[in-house]
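Thanks for coming. I will keep this short, and then we can look at the model together.

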Amino acid sequence: MSVAFTKEGDSEAFAADLPDRPISPHPNLVTAEGLAQIEAELASARAAYAAAQSAGGAADGDRTAMARATRDLRYWSARRASAQPMERDPGKTTVQFGDRVTFEREDGRVQTFRIVGEDEADPAKGSISYIAPIARALFGKAVGETAAAPGGEIEITAID
């Protein structure tokens, strides 16, 4: 078929076909900070949607902005609706959701991560999702206990 009969670079079609952001099948557990983050993202998505609506849909850039804003609004609305705030049990001495855990790896490296919800997890900033393999290995363990984790065994040295 000749290139003359194809529609390449049709940004309007691309904007209309913008895929939804995937929503995790896991329970949406959140810390208080995670819930605040979701609410801030939802407010930002609402503002972006309103701005895209007021700009109109005349230009291709506006259609793309509207599609992005709509997609983000759907995602953050769903995440807010499914959020399950979790409170830490201060009476527990074992690792639980929301804890900051310090552990030592077999090679001597010491790492500290806070176990949080999926949307607030950022390993570069010291937080991991509760569904991460290392977090699952740590749950229910106390200081001094070891756990089998990806990359070898780890020993918990502190829980905050």
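Predicted model: local features only at pLDDT ≥ 70, side-chain atom pairs only at ≥ 80, totals over all residues.

Start with helix H3, which covers residues 60–82 and contains Arg 79. Is Arg 79 buried or exposed? Its relative accessibility is 1%, and the cut-off for buried is under 20%, so Arg 79 counts as buried. What does Arg 79 touch, once residues up to four places away in sequence are set aside? The list is Ile 23, Ser 24, Asn 28, Ile 38, Glu 118 and Asp 119.

Ser 82 is also in H3. Here the relative accessibility is 31%, so Ser 82 counts as partly exposed. The C-alpha atom of Ser 82 is 7.7 Å from that of Pro 27, although 55 residues separate the two along the chain.

Now the cores. The largest nonpolar core has 19 residues, and the members touching the most others are Val 95, Val 101, Phe 103, Ile 115, Leu 138 and Ile 154. At least two residues of this core come from each of strand S3 (100–105), strand S4 (110–116), helix H4 (133–138), strand S6 (146–149) and strand S7 (152–159). H4 gives the largest share, four residues.

Take Val 95 from that list. Leaving out neighbours within four places in sequence, Val 95 is in contact with Val 101, Ile 115, Leu 138, Phe 139, Gly 140, Lys 141, Ile 156 and Ile 159.

Apart from this core there is another, with nine residues, including Leu 42, Ala 45, Tyr 75 and Ala 83. That is what I have.

How values were computed
Residues numbered from 1 in each chain as written. Heavy atoms only, no water. Buried < 20%, exposed > 50% of the residue type's maximum accessible area, 1.4 Å probe, protein only. Contact = heavy atoms within 4.5 Å. Core = buried A, V, L, I, M, F, W, Y, C linked by side-chain atoms within 4.5 Å.
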